[in-house]
Amino acid sequence: MSYGSRLTSGLGSLNMEDFGNSLKEGLGSLGSMSIKGFDRAKQFSQEKMGSAVKTEYDQEFAALAARVECTKNSINSTANASRNFIQPNVGARLEDMFNEKVTAAEGSNNANVRDLATMVPRRKGSAIDKRASYADLLGSSMKNGGQEIGETTQVGQTMVEVGGTFERIGMLEREYLSDVYTKFFKPFSNHLQVEWGNVTTEKRRLELARLDLDAAKAKVRTARTPEVMQQNEQKVRESQAAFDRQFEQTKILLTDADRKSGEFCHYLEEFIRSQMNYHEQAHKMLEETYNKMKQ
């Protein structure tokens, strides 16, 4: 999907959930709505019905916002797929995710969250490189079976030899998983998350400022007296200034996030390096065992 086709998901419009979150900033005391909040809701509703004039963002800004949004969604999707690839077992994967969340909660600024985290029995962080792999289990089973048959027999000796190879591959796999998790998955998953969160917040504020501006312009068009017209025009100038400030702030954050997105390439390189090292060493172990079997 091209960046242009993603404009509506970038900034062009808000869905009801996004607007509901944004509208909280325009609400007064519980049970009542401020005039600004009412104007925003009215403008938003009329835009959805196609009966209101809406300020459009320039193409360069909209493309930038769509590109950052596309990058965020693609990276997060790839991070989830990477976790599935590293740990295919659903139960083990959920256990690791839970342990990571609890460990992270121990460093929370909220004392209640920290106290709750200390009450949860768990291993520290992820256990992805600590549990036995399928290669470990296969190697152990083959080795035990060969010993039971007897290493004096050809099949028993071969099973012990092959089983030992797979046990070494299992150890190698745990080292590989630790390397991938530390140098690829964690930094790849966490990189720019703070920046993207800030971008989302500023985009929401920009959309609110845009609604305020368009609502103020609508009041100018419907003013019935010179005094009201003058007041509404002053409101438009104030809203325009607030919108321009928020626009520049949002653009700065978007530009920074877009620039830093290239840093993901380094983590992908680390992933490929780990894969190459693991498969190269595993291939060497298997080749040595194969040559022994052919003698």
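Read along the sequence, the protein chain follows the pattern α-α-α-α-α-α-α-α-α-α-α. The model is a predicted one. Of the 295 residues in the protein chain, 38% are buried. When contacts between residues at least 6 apart in sequence are considered, 73% of them join residues at least 24 apart.

The mean pLDDT of the protein chain is 83, and 70 or more is reached by 80% of its residues. Among the elements, the highest mean pLDDT, 95, belongs to H11, and the lowest, 43, to helix H1 (residues 7–12).

The largest nonpolar core contains 38 residues, and the members that touch the most others are Phe184, Phe188, Trp196, Phe243, Leu254 and Phe264. Two or more residues are given to this core by each of helix H4 (59–86), helix H8 (154–190), helix H9 (193–221), helix H10 (226–260) and helix H11 (264–294). H8 supplies the largest share, nine residues. In soluble globular proteins, nonpolar side chains tend to be buried together. Phenylalanine 264 is in contact with Ile75, Phe188, His191, Leu192 and Trp196, when its neighbours within four places in sequence are left aside.

Helix H10 has 35 residues, which at 1.5 Å a residue should span 51 Å; the C-alpha atoms at its ends are 51 Å apart, in agreement with that expectation. The buried residues of H10 are Asn232, Val236, Ser239, Phe243, Gln246, Phe247, Thr250, Leu254, Ala257 and Lys260. An α-helix has 3.6 residues a turn, so residues three or four places apart point the same way. The cover over the buried residues of H10 includes H4, H9 and H11.

Aspartate 39 lies in helix H3 (residues 35–48). Its relative accessible area is 16%, and aspartate 39 is therefore classed as buried, the cut-off being under 20%. Not counting residues up to four places away in sequence, aspartate 39 touches Ala215 and Lys219. With lysine 219 there is a polar contact between the two side chains, at 2.8 Å.

Glutamate 151 is located in the loop between helix H7 (134–149) and H8. At 47% relative accessibility, glutamate 151 counts as partly exposed. Beyond residues up to four places away in sequence, glutamate 151 touches Gly146, Gly156, Gln157 and Val160. Glutamate 161 is ten residues from glutamate 151 in sequence, and the C-alpha atoms of the two are 9.6 Å apart in space.

Cysteines were considered next. A disulfide is a covalent bond between the sulfur atoms of two cysteines. A search of the whole structure finds zero disulfides. Cysteine 70 is buried, its relative accessible area being 14%, whereas cysteine 265, at 45% relative accessibility, counts as partly exposed.

Conventions: Residues numbered from 1 in each chain as written. Heavy atoms only, no water. Core = buried A, V, L, I, M, F, W, Y, C linked by side-chain atoms within 4.5 Å. Buried < 20%, exposed > 50% of the residue type's maximum accessible area, 1.4 Å probe, protein only. Helix = DSSP H or I, 4+ residues; strand = E, 2+ residues; numbered from the N terminus. Contact = heavy atoms within 4.5 Å. Disulfide = S-S within 2.5 Å. pLDDT = per-residue confidence, 0-100. Expected span 1.5 Å × (residues − 1). Polar contact = N/O pair within 3.5 Å; in protein donor to acceptor, adjacent residues only side chain to side chain.
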